[in-house]
Amino acid sequence: MASARVKARGESVLAERFAVFAECLLTGVWIAVASLGVVTYPAAFAAGARHLRRRTAHEGGGGREFVADFRAAVRRGWLVGVAGWGAAVAVWVDVQAARAGIPGGPFVGTVGLCALIGVAVAGLRAAAAWAPGASWRALLAVAGRRTLRDPAGSFLLVGGLAVVGCSGWFVPPLAVPVLGAVAAAAVAVEERHRQR
């Protein structure tokens, strides 16, 4: 079906795929800029994922739509951002306890890191499913269940987060556009789940 649309417009499949890749990189820059508010990263990912869903469906969309989606998502999404930072601080405390040699510390630190990764994956899945008017609480509840029930998709998102981390470690500016690839991976994982 996608190839029929591509042929109707006269583009090759390669050109279409490269256009989507370029859109992912641009979306990563938009996500990074929108995340500068520190607690706005869930809304930024939600707006980026919605933009990529529109792009792959060959619907209109651009910077204005991204900004409108970001504004709609940030109304309640900033609370999710605060909760995410709270979880990160709690895990940091756990890791510090593990490093201090407290009995049971390594176990608690490991459990905390695994829980933080699970929360990040659930957050990405919720952001990928977001639409204007959707409740973040409901999205996160459903995404949490999908994170556990769809381990293959969850591991794909963990890999995407690892790529962002490695990109930022080796070439810091590269981590910015790669954020769009993580948003695209979250959209793909959710679409894969929907079609099953």
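The following questions and answers concern a predicted model.

User: Why is His 51 called buried?
Analyst: His 51 has a relative accessibility of 2%. Buried means under 20%, so His 51 counts as buried. The residue sits in helix H3.

User: What is His 51 in contact with, leaving aside its neighbours within four places in sequence?
Analyst: The contacts of His 51 are Glu 23, Thr 27, Trp 30, Gly 61 and Gly 62. Contact here requires heavy atoms within 4.5 Å.

User: Why is Arg 99 called exposed?
Analyst: The relative accessible area of Arg 99 is 67%. The cut-off for exposed is over 50%, and therefore Arg 99 is exposed. Arg 99 belongs to helix H4.

User: Which residues of H4 are buried, and what covers them?
Analyst: Phe 66, Asp 69, Phe 70, Ala 73, Gly 77, Val 80, Gly 81, Gly 84 and Val 91 are buried in H4. The cover over the buried residues of H4 includes H2, H3, H5 and H6.

User: What follows H4?
Analyst: Gly 101 follows H4, and its phi is positive, near 90 degrees.

User: How do you know how much space lies in the largest pocket?
Analyst: Rolling a probe the size of a water molecule over the atoms shows where empty space is left. In the largest pocket, that space comes to about 920 Å³.

User: What lines the largest pocket?
Analyst: The lining has 31 residues, and Tyr 41, Phe 45, Ala 120, Leu 124 and Leu 161 lie nearest the centre of the pocket. At least two lining residues come from each of H2, H3, H4, H5, H6, H7 and H8. The most come from H5, which gives 9 residues.

User: What classes of residue make up the lining of the largest pocket?
Analyst: The lining holds 27 nonpolar residues, 4 polar residues and no charged residues. Asp, Glu, Lys and Arg count as charged, so none of these four types is in the lining.

Terms used
Residues are numbered from 1 along each chain as its sequence is written. This is a predicted model: local features need pLDDT of at least 70, side-chain atom pairs count only at pLDDT 80 or more; totals for chains, interfaces and linings use all residues. Side-chain values use heavy atoms; hydrogens and water are left out. On a 1 Å grid over the protein atoms alone, a cavity is a set of points where a 1.4 Å probe fits but cannot get out, and a pocket is an open set with protein on both sides within 12 Å along at least five of seven lines; lining residues have an atom within 4 Å of a point. Grid points are joined across faces, edges and corners, and a volume is the space filled by probe spheres set on the points. Helices (H or I, at least four residues) and strands (E, at least two) are DSSP runs, numbered from the N terminus. Buried means under 20% relative accessible area, exposed over 50%, partly exposed in between (1.4 Å probe, protein chains only).
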